[in-house]
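I opened this entry to record what I looked up about helix packing and sheet layout. The notes follow the order in which I checked things.

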Amino acid sequence: MDGLKLIAGNSNRALAEKIGEYLGAELCDIELDRFGDGEIHAKINENIRGVDVFIIQTTNPPAENLIELLILNDTCFRASAGRITNVIPYYGYARQDRKDQPRVPITAKLVAKLIDVSGANRVLTMDLHSAQIQGFFDVPADNLFAAPVLLEYIKSRKMQDLTIVSPDVGSMKMGRAFAKRLNAELAVVDKRRSDKDKTEVMNVIGDVDGRNIVILDDMISSGSTLLQAAGELTLKGAASIMACATHPVFSGDACGKIMKSSISEVVVSNTLPFDPGRCPKVKVLDVSSILGEAILRIHSNESVSTLFV
Ligand code: R5P
């Protein structure tokens with residue numbers, strides 16, 4: 001690719017390689033390892049002066065993933081890259097995106113500031129936890145959707161009497177868009193978060209009795225939101241339950257809980273690395289073509305809006 005280079009951090013190299021395959025581009029030769037004390041050491045072994053550089057790195061824990069990204073930005077800046085785009089398939093620290101209680105941080109804004117000051121000129125991400133996080137960056141930020149890949153898979157299952165369920169109000173916009181594209185009904189769970197990793201279902205709004213359900217969310221972390229919703233939907237007579245989420249965070253015993261649940265299948269994307277061997281109910285779909293196509297269009301100053309479906 002003329003004047004374009006892909007740089008992969010260590011957080012999701014498999015996805016970076018797939019993006020490279022889509023673009024027919026090799027990943028840039030870099031050193032990204034540790035000093036003896038654990039600090040990150042970085043060095044780019046190719047000339048990137050004036051080059052359009054795309055750094056691919058998810059920012060899920062450990063925090064070293066984020067620090068690697070910041071260090072790579074600084075490395076590219078000091079190596080006189082022409083433009084530095086941070087490709088962040090999963091933008092971590094996004095859930096604290098507003099001050100909804102006293103004495104809480106807005107980590108989504110803090111991380112955006114760190115990315116800005118470390119030298120990024122653009123950000124390309126996917127299914128941000130909330131769309132307004134785009135505005136937390138002082139550089140242009142494009143928020144892609146995994147929807148084309150997820151929708152194609154759900155369609156291939158040819159489910160009758162389909163209802164898309166948003167497990168909380170936050171994911172309703174995504175739920176409505178999916179329901180429209182699938183010609184399905186929409187229902188929503190009235191969820192209350194009693195603790196950071198614990199949720200309670202207050203009510204289910206919409207008809208789910210005898211319906212085949214797809215619970216749709218941006219991410220599955222502890223699995224509490226998903227499992228609580230699935231339990232309530234089963235009680236209310238759902239015929240079958242599948243789950244679909246872009247980001248497979250899967251913290252704690254989420255996989256074990258999913259295996260024991262009434263959920264038949266969980267569909268996620270590869271924005272985060274996930275070994276399907278950990279949970280046979282999980283199917284991982286590849287979103288590298290969406291990210292690769294957006295990189296291509298950004299590089300050639302073409303519109304990326306047709307990818308926003
Ligand atoms: C919440 O607002 C999000 O959309 C997800 O529902 C939530 O982050 C999932 O987390 P957990 O799996 O820990 O309930």
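**Helix contact, α1 and α8**

I began with the contact between two helices: Leu15, Lys18, Ile19, Tyr22 and Leu23 in α1 meet Ser288, Ser289, Leu291, Gly292, Glu293, Ile295 and Leu296 in α8. By class, I find seven nonpolar, three polar and two charged residues in the contact of α1 with α8. I note that this is a predicted model.

Next I looked up the geometry. The axes of α1 and α8 come within 8 Å and cross at roughly 55°. α1 and α8 are therefore oblique to each other. The crossing of α1 past α8 is right-handed.

**Isoleucine 295**

I picked one residue of this contact to follow. Isoleucine 295 sits in helix α8. Is isoleucine 295 buried or exposed? Its relative accessible area is 0%, and because buried means under 20%, isoleucine 295 is buried.

I then listed its contacts, leaving aside neighbours within four places in sequence: Leu4, Leu6, Ile19, Leu23, Phe54, Val87 and Leu124. For leucine 4 I also looked up the separation along the chain, which is 291 residues from isoleucine 295, with 9.4 Å between the C-alpha atoms.

**The five-stranded sheet**

I read the strand order as β1-β4-β5-β6-β7, an open sheet of five strands with parallel pairing. β1 (4–8) and β7 (141–144) are at the edges with a single partner strand each, so one side of each has no neighbour in the sheet. From one strand to the next, the twist averages 20°.

For the pairing at β1, I found five bridges in the parallel sense to β4 (residues 52–56). Lysine 5 has valine 53 in β4 as its bridge partner.

Both helices of the first entry lie across this sheet. I have α1 (residues 13–23) across β1 and β4, at about 160° to β1. α8 (residues 288–299) lies across β1, β4, β5 (83–88), β6 (122–126) and β7, and runs at about 160° to β6.

I also checked threonine 85, which is in strand β5. Threonine 85 counts as buried at 0% relative accessibility.

**Helix contact, α2 and α3**

How do the axes of α2 and α3 cross, and at what angle? The axes of α2 (residues 64–78) and α3 (residues 107–117) come within 8 Å and cross at roughly 25°. This makes α2 roughly parallel to α3. I listed Leu66, Leu69, Leu70 and Asn73 in α2 as meeting Val111, Leu114 and Ile115 in α3. The contact of α2 with α3 has six nonpolar residues, one polar and no charged.

**The seven-stranded sheet**

I read this open sheet as β10-β9-β8-β11-β12-β13-β14, seven strands with mixed pairing. β10 (198–205) and β14 (282–285) are its edges, each with a single partner strand, so one side of each is left without a neighbour in the sheet. Direction ignored, neighbouring strands of this sheet are turned by 25° against each other on average.

Valine 266 has valine 282 in β14 as its bridge partner.

Last, I looked up the helices on this sheet. α5 (residues 172–182) lies across β8 (162–166), β9 (185–195), β11 (212–220) and β12 (240–248), at about 170° to β8. α6 (residues 224–235) packs on the sheet and touches β8, β9, β10, β11 and β12, with its direction at about 40° to that of β10.

Definitions and conventions:
Residues are numbered from 1 along each chain as its sequence is written. This is a predicted model: local features need pLDDT of at least 70, side-chain atom pairs count only at pLDDT 80 or more; totals for chains, interfaces and linings use all residues. Side-chain values use heavy atoms; hydrogens and water are left out. Two strands pair if DSSP finds at least two bridges between them. Helices (H or I, at least four residues) and strands (E, at least two) are DSSP runs, numbered from the N terminus. Axes are lines fitted to C-alpha atoms, for helices over the stretch in contact, and angles run from 0 to 180 degrees between N-to-C directions. Contact means heavy atoms within 4.5 Å. Buried means under 20% relative accessible area, exposed over 50%, partly exposed in between (1.4 Å probe, protein chains only). Angles under 35 degrees count as roughly parallel, over 145 as roughly antiparallel, 65 to 115 as roughly perpendicular and the rest as oblique. A crossing is left-handed if the near helix is turned anticlockwise from the far one by less than a right angle, and right-handed if clockwise. Ala, Val, Leu, Ile, Met, Phe, Trp, Tyr, Cys and Pro count as nonpolar, Asp, Glu, Lys and Arg as charged, and the others, Gly among them, as polar.
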